[in-house]
Amino acid sequence: MTRTPWFWAVGVLRRAVGIGALLALAAFILGPLATLLVWAFAGTWLFPNLLPEFSLKWWLYVLGNADVGKSIRMSFLSAPTATLLSAAICIPAAYAFARLEFPGRRVLLLSFLSANAFPKIGLYVSIATLFYRLDLMDTFAGVVLIQLVNTLLFMIWIPTGTFRGINVNLEEAARDAGAGPLRTFFQITLPIAMPGLIVAAMFAFIAAFDEAQGSLIVGTPNHITMPVMMYALVLGYPQPVGAVFSVLLSLPSVVLLLLAQRYLRAGYLAAGYSL
Amino acid sequence: MARLMLDHLTKRFGTQAAVHDVTLDVRDGELMCLLGPSGCGKTTTLRMIGGFTAPDSGDIQIDGKSIAAMPPERRPTAMVFQRYNLWPHMSVEQNVAFGLRIRRIAHAEIERKVQDALTLVGLPQASRKFPHQLSGGEQQRVAVARALVLEPQILLLDEPFSNLDARLRVHMREEVKQLQRTVGITTVFVTHDQEEALTIADRIAVMHQGVLQQVDTPTALYAYPRTLFVADFIGTMNLIKARTHAQSGGTIVTAGPWQLAVPDRTWPDGSEATVAVRPEDLVVAPDGAAVEVRRVVNLGHYLQVLLQCPEVGELRMFTEKGAALSEGQRVHVRLARALAFHGSDLAEIGGPMRSTAAAPADRR
Amino acid sequence: MRVHKISKQGALGLALVLPPLLVLGLLVILPAITAVVETLKPPVGIEATPFANYAQVLGTRILRSDIVFTVVVTLVSVAAVFLLSYPLALYLRFVRTRSTALLGVLFMVPLFVPVVIASFAMITFLVGHGLVSTLLYRVGIEQFPRLMYNATGIVLTEVWVSIPFAVLILGAGLQAIDDALIDSARDVGAGPLRTFFAVILPLNATPTMITLTLLFIAVFGSFTIPYLVGGNAPQMLGVTMTAYLTQYLRRAESVTMAVIAFILASVVGVVYVASVSRRERTAR
């Protein structure tokens, strides 16, 4: 074809533009995080220097702050609690949504989506009133409950999809071999579903851990979580302080990201799932 | 050793009857095939036997004892599904031993039984492997081993080889037949492939739209189909629209250019009928009706001849390989044997089935 | 006895679903209903009509402009996310090189970054003397429009946090489209753009709808990002509502705005539910 040389040239140009666009996007994604990381190790950073004077003094400042320590402890106690509680009540429900027929199933499943539709602030006003009456304001339980609400979407929808993806034949084969419904669930269904459930737990944990708006209202002043602490640090302190705290606040997410990689590669993931 | 009885089983999905009033008797040690096209209710029936679907009415009995109220884990049945039999997170050994472990059998005996079962299906070295390391055929074999290791009274197979390639399918069905003969276990085998059924079954139950059409041996099913559906479904069959003419002492059925005498039936005059003729029962004879040869296909040990018949259309004929037939030639053909279907009545015309190498039942 | 069996399954299903449903009911549905009911009771001293609160809120110029501002920012953000995520999802789906796997991981990163941190990172990146302005200064550009503490900052940050979610859902939908369908379109002569609009987009309709809806709802009601990254006026509704509640202690207006925001978001949600229900029904 005589068109080939011209087409090839355009192809190269197109590829160059494509790669350029991707690099720009990559820079957009990584840029802010890189900046933050550099700030965390900055003593002072004057414009228009490309790099700051490096120092660890802000780390000492942040780690030495009693309030910071309290918020770290609060977050690492409340978020796992909320996640585990969420798993305990949501995973059986997810199994019901996936396998059982009951009236209103579709509506109820969609209703968990609605939790995110109503603006949180409108909810928290009423929740605050409720918590005052139940004596839950400024308590550990109150914060956990707020975080719990944020996890419901992930802990219902992802496990439901996971259970649905497990071919019914696998469970029927277990019943056929003599296993009752409970044994089938724990020895067959749950192990096969585990990767999906772990992914759900990760997202749920991150949602609980990052919850800020509700905890701001319910947890003040004695049960401050890290995100709530973060608001104060961002608004009232020098940039390195916020940056250092950001690194601390990101650590669980980074760890989970690395763990997620391993689970999403497990060999038997493909075998038990049907499309 | 057990006898399975299905007693007026019915299952409805919505307003449709998926299985309608099925009564079936499976003898001890028999391999019964449930055969029919997709959607005919055969898998639903099998699942009711296994306990995975609850019938709307009717009963299921093994050796006279009703099992309809039992959940699957208590039934003395073992099922091999079409796919997704083996649990992917367990090894072959763990898969096969699962049911034995539930029954709290001694450790050493479990090991022995598992090894015996795997040897029986030809996979003695597989116990440490995981399902994803096995081929499709091997996985199905392990599934069979797992079913048999529990020494069930009834073995249920739901199109277990549909997902395998053609050659493997043929090989596996022979293996299963051998196995079933050796162990002597009463088996129900669901398939949509009539060749498969005709090859391995002791008896076949043909189903269509939820209704049992006919239960017979493969030979009888081929030679004496009792409904039009079975006639058409099993093997190749020519179906000719016909009309009846009442006569003193019988009926004449006019099918295209042929007139067939049915002396032992008095069917009303001028009503519709269908005449079913096997390709091997169309014979070239001087006293036959005139037809034109459309095409001759040489299939090695016999010839397949496509005939164009006025008033009827195209007919298929099987004849010996030496026959001197060519395209465009006019020949005279008669019906050596045929079946006339009139409503729910059926009459045989002509002698016993003409046997040629083409009849699949004779390959047994 | 068969009918009894079916309702036994139904009863079990409802029982298992009850605990999270209770949590949802007590901590979301009930407060939401309470809030709506509360807004329909007019404040003392004003004409006794149920919609007095709404009239007052919608009658206040500042609040009206906040509502409009929120809608505009949301629409722009959703459009931007879409325009960036779809090509990305398509690229990841159709180009299989070693680098695409790495790229896939890269674009998932914002998913694991808490929104607070994301906002702060964007501030350091885009603010007056932040990294971007430093780099531009080094290249010789000293004047450029402000990127932070205004609508632009909000849009950029919302886009940053939303890309992984959009790419994930759109990508999952694209995975389900058989290569054969694309190939046959190209085979009859359709170029890439036409293939996209005629084949890919319709087949990926449900994930597209889901993404659009969830993105809209999320951005519309967001608080943290506009709180940290936005300007002083106009503000996104999430910030306004919180300010009215916690700073000005004007609870009635705050809750009324919440209901208005909810209604606007619900309209979008209803469209989503309708299209998903229709698809689920035809799929069965």
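This is a predicted model: local features need pLDDT of at least 70, side-chain atom pairs count only at pLDDT 80 or more; totals for chains, interfaces and linings use all residues.

Q: Let's begin with one chain. What does the secondary structure of chain B come to?

A: Chain B comes to eight helices and 20 strands. Its C-alpha trace spans about 75 × 45 × 35 Å along the principal axes. Of the 364 residues in chain B, 43% are buried. If you take contacts in chain B between residues at least 6 apart in sequence, 63% join residues at least 24 apart.

Q: How many residues are in the largest nonpolar core, and which have the most contacts inside it?

A: That core has 253 residues, and those with the most contacts inside it are A:Met230, B:Ala205, B:Leu260, B:Val275 and B:Ala340. By element, α8(A) gives the most to this core, with 14 residues. Take B:Ala340 as a case: setting aside neighbours within four places in sequence, its contacts are B:Ala242, B:Val253, B:Leu260, B:Val262, B:Ala273, B:Val275, B:Ala347 and B:Ile349.

Q: How do I read a pair of packed helices, say α7 and α8 of chain A?

A: Two packed helices are described by the angle between their axes and the distance between the axes. Here, helix α7 (residues 168-176) and helix α8 (residues 181-210) of chain A pack at about 155 degrees, with axes 10 Å apart. That makes α7(A) roughly antiparallel to α8(A). The crossing of α7(A) past α8(A) is right-handed.

Q: Which residues make that contact?

A: From α7(A) come A:Leu170, A:Glu171, A:Ala174 and A:Arg175, while α8(A) supplies A:Thr184, A:Ile188, A:Thr189 and A:Ile192. By class, that's four nonpolar, two polar and two charged. As for spacing, an α-helix has 3.6 residues a turn, so residues three or four places apart point the same way.

Q: On to the contact between chains C and A. How many residues does it take from each?

A: It takes 62 residues from chain C and 63 residues from chain A. Elements giving two or more residues to the chain C side include α1 (2-39), α12 (237-247) and α13 (251-283) of chain C. Of the elements, α1(C) gives the most to that side, with 18 residues. The side of chain C that touches chain A has 45 nonpolar, 15 polar and two charged residues.

Q: Now the backbone. What should I look for?

A: Most residues other than glycine have a negative phi, and most peptide bonds are trans. Against that background, the peptide bond from C:Ala233 to C:Pro234 is cis, with omega near -5 degrees. C:Pro234 sits in the loop between α11 and α12 of chain C.

Q: Where is B:Asp21 found, and what is its phi near?

A: B:Asp21 is in strand β2 (residues 16-26) of chain B, and its phi is near 50 degrees, a positive value in a residue other than glycine. B:Asp21 counts as partly exposed, because it has 14 C-beta neighbours inside 10 Å.

Q: And where is the place of B:Gln209?

A: B:Gln209 lies in the loop between β9 (203-208) and β10 (211-216) of chain B. It isn't a glycine, yet B:Gln209 has a positive phi of about 50 degrees. With 16 C-beta neighbours inside 10 Å, B:Gln209 counts as partly exposed.

Technical notes
Residues are numbered from 1 along each chain as its sequence is written. Chains are lettered from A and ligands numbered from 1 in the order in which they are written. Two residues are in contact if their C-beta atoms, placed from the backbone, lie within 7 Å. Helices (H or I, at least four residues) and strands (E, at least two) are DSSP runs, numbered from the N terminus. Ala, Val, Leu, Ile, Met, Phe, Trp, Tyr, Cys and Pro count as nonpolar, Asp, Glu, Lys and Arg as charged, and the others, Gly among them, as polar. Axes are lines fitted to C-alpha atoms, for helices over the stretch in contact, and angles run from 0 to 180 degrees between N-to-C directions. Angles under 35 degrees count as roughly parallel, over 145 as roughly antiparallel, 65 to 115 as roughly perpendicular and the rest as oblique. A crossing is left-handed if the near helix is turned anticlockwise from the far one by less than a right angle, and right-handed if clockwise. A residue is buried if 20 or more other C-beta atoms lie within 10 Å of its own, exposed if 12 or fewer, and partly exposed in between; C-beta atoms are placed from the backbone. A nonpolar core is a set of buried Ala, Val, Leu, Ile, Met, Phe, Trp, Tyr and Cys residues joined through C-beta atoms within 7 Å.
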